[in-house]
Amino acid sequence: MPIITLLTDFGLKDGYVGVMKGVIWSIAPQAQIADLSHEITPQNILQGALVLEHTSSYFPNGTIHLAVVDPGVGTLRRPVAAHMGKHIFVGPDNGLFSLVAARARSVAQPVHFYHLDQPQYWLPNISRVFHGRDIFAPTAAHLANGVALETLGTPIDDPVMLDPARPMPTLDGWLGQVIDTDAFGNLQTNLRSEHLAGLERLTVRLNHILIKGLVQAFGDRPSGELIALIDSAGYLSIAQVNGSAVQSLPAHVGDTVEIHGRPVA
Amino acid sequence: MPIITLLTDFGLKDGYVGVMKGVIWSIAPQAQIADLSHEITPQNILQGALVLEHTSSYFPNGTIHLAVVDPGVGTLRRPVAAHMGKHIFVGPDNGLFSLVAARARSVAQPVHFYHLDQPQYWLPNISRVFHGRDIFAPTAAHLANGVALETLGTPIDDPVMLDPARPMPTLDGWLGQVIDTDAFGNLQTNLRSEHLAGLERLTVRLNHILIKGLVQAFGDRPSGELIALIDSAGYLSIAQVNGSAVQSLPAHVGDTVEIHGRPVA
Amino acid sequence: MPIITLLTDFGLKDGYVGVMKGVIWSIAPQAQIADLSHEITPQNILQGALVLEHTSSYFPNGTIHLAVVDPGVGTLRRPVAAHMGKHIFVGPDNGLFSLVAARARSVAQPVHFYHLDQPQYWLPNISRVFHGRDIFAPTAAHLANGVALETLGTPIDDPVMLDPARPMPTLDGWLGQVIDTDAFGNLQTNLRSEHLAGLERLTVRLNHILIKGLVQAFGDRPSGELIALIDSAGYLSIAQVNGSAVQSLPAHVGDTVEIHGRPVA
């Protein structure tokens, strides 16, 4: 029986996540369920898309990723499911899966989206405020039971895609930005290790802060020092050793990050 | 093997919830466990009762709901278990299950409470501060193993029942109140869709705020607007589109909510 | 199949915990996983060690405890696993397991540490920032599959051990300290029930606060009163009935706690 993962902006206080598990296990009693995150900032689709991109690939082939960050629930936005690489994704058609889709396409993996339009696979009563419970959880459970995607929906070729800011090349490096912060207070940027590969004597500038060179590990510098390093998902990250960069710096999501260096000889 | 759900006010930091899972799996190794919430406000029995009422029915028949919001732990308050509808509930006798009981009785489902008084089904040493670990988790696990409720306790007919404030009819509508807030900052009231069914030209008043009409979905209005809608559990809720009503309004649990309208012609 | 528990300082927002579950289930698809805590204060090894000591023993024999509070990740600190009592522990060699080890030794249980030095049991690419994903999760999964500890590493006899402050005897009692606070705001001290066993007419002093006597249960005193009691792990704890001692007192981790009494006649 496949694994079902859950990612939402529901928080853990109100039982909404528990309800989805109850619905899933009512239909697919043996499904294994793993929580990816339920603390996505409310309505922050891009943040949900980033976490999905960083985490989903670590699950076995056949895993079903159920994701609900859904400010448009109950409006005309479509419910969708997508076959991407070896995984299936279920949730609202609002760009939540677009970073996973871009990654899959970049390595020539199949990407097939379906509009979920077969209400006989949903709960009997569909609210206009909680499709995670009424549409997406039943869909994920039926998929876990082996029902084919083609049975649950109709192929579409126009899913909503986010177009997040991309790093821009400069005369001596790259211009990127802070795209998220994690629970440690590390600042995640949209600059990847690939961008830095051909450069040496690197410096990283964020607002008034200049960091010289990359380190390989947090413990390479003394406590309290600001460092730049490649994080576990391959992105340039700015951190404070044994501290919180987001708390000690004046820095926010959206701030510009400059990389300067010179070409490796 | 039945599902066991967990609802507590323990938070997730200290490992108390993990301990209960260890105790359950020591007795019933194959039990499936789902967290409903561990972020009930400490000692807030009514809030726990509300979340149980909103969530428990979405689980399959036979599910065992273990709930611990228990300021009276170690005093004379009784440990109880209850058969209600197709589910079993385990926890302290302090009203935590009274909203589920009221709902079950309102649809003529059986409600049978038992005083847990058979210590041979508990852990060997019973603290006076953590019955979730010492009494309730072992009880839930034995129930999952098929031990009958009648074996674990003695029937009682006087469980503690909360009597939460009910909406009162007015000349042109209803007087209710805010009973909780969720992680999105939505204000949940004790007014249900049934109360509003016969009224049109609805207005909702909360403190100095007047909201005209109900919307069906969050996305029906622009970002930042205050809206009233029926939430996923059937209650009137006041929300801010893509925002937090509780943060943007001067509103608190217990505040009066007025519904005005005129009878449908 | 054994249970795997997880304890980290990762928080639940970023999906790091979900990634570890994905890695575990990719290798050991049937492993049961329980979260102990993911809200250890970042880099607070002692707090992680305390929660492990309080919680791990409630799991069945054979349980594998995967713990990652790891400020030295990617440096020379060793990855380790340890057989202690009937359980196995996996994580960084930084003292995280030293309280469990001390407890095991105090009751003459075996304690055997191994340096994890067999990369063929890890993920193919090892980052220097996320050994929880790359080394520890695969190790725990292989252990759950029945691979022997001796196969995964080399015995060592010099694991890092914390030496936390111990209570000191005084003329009429003990001098201890506050070592942690829990989600209820209770202040946990390093004084255990054993320290208090021979004393009567007890008073507890914390900064300017004097508490007379121990109570057995929170509900033994009226709401708002400060009380001292033995907590569910056997430690002296200072609490506020239906409130938060840490919020209502001027008290912090590290503050001195004095016990005064006189010998039982």
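1. Apart from neighbours within four places in sequence, Thr139(A) is in contact with Val90(A), Leu116(A), Tyr121(A), Trp122(A) and Leu152(A). Thr139(A) lies in helix 4 of chain A, which covers residues 131–144. The model is a predicted one, and in it the relative accessible area of Thr139(A) is 1%. Since buried means under 20% relative accessible area, Thr139(A) counts as buried.

2. Helix 2 of chain A, residues 45–55, is mostly covered as well, with 10 of its 11 residues buried. The buried set is Ile45(A), Gln47(A), Gly48(A), Ala49(A), Leu50(A), Val51(A), Leu52(A), Glu53(A), His54(A) and Thr55(A).

3. How much area is buried between chain C and chain A? The value is about 2,500 Å², and carbon and sulfur atoms give 58% of it. On the side of chain C, Lys13(C), Trp25(C) and Val129(C) supply 27% of the area that this chain buries against chain A, more than any other three residues. The contact takes in 29 residues of chain C and 35 residues of chain A.

4. Two salt bridges are found across the interface of chain C and chain A. In one salt bridge Lys13(C) pairs with Asp180(A), and the closest N and O atoms are 4.0 Å apart. A salt bridge is counted within 4 Å, and a reader may want to look at this pair with that cut-off in mind. Lys13(C) is also one of the three residues named above for their share of the buried area.

5. The interface of chain C and chain A also has 10 residue pairs in polar contact, both residues being at pLDDT 80 or more. Helix 1 of chain C, residues 16–27, gives the largest share of the side of chain C that touches chain A, namely eight residues. Sorted by class, that side of chain C holds 14 nonpolar, nine polar and six charged residues.

6. What rotation superposes chain C on chain B? A rotation of 120 degrees does, with 0.0 Å of shift along its axis and an RMSD of 0.0 Å. This is the relation of a three-fold axis. Gln32(C) is the residue of chain C that comes closest to the rotation axis, its C-alpha being at 5.3 Å.

7. Which surfaces do the copies use to meet? Only 3% of the interface residues of chain C are also interface residues in chain B, so the copies meet through different surfaces.

How values were computed. Residues numbered from 1 in each chain as written. Chains lettered and ligands numbered in written order. Predicted model: local features only at pLDDT ≥ 70, side-chain atom pairs only at ≥ 80, totals over all residues. Heavy atoms only, no water. Buried < 20%, exposed > 50% of the residue type's maximum accessible area, 1.4 Å probe, protein only. Helix = DSSP H or I, 4+ residues; strand = E, 2+ residues; numbered from the N terminus. Contact = heavy atoms within 4.5 Å. Buried area = accessible area lost by both parts, 1.4 Å probe. Salt bridge = Lys/Arg side-chain N within 4 Å of Asp/Glu carboxyl O. Polar contact = N/O pair within 3.5 Å; in protein donor to acceptor, adjacent residues only side chain to side chain. Nonpolar A, V, L, I, M, F, W, Y, C, P; charged D, E, K, R; others polar. Least-squares fit on C-alpha atoms with pLDDT ≥ 70 in both.
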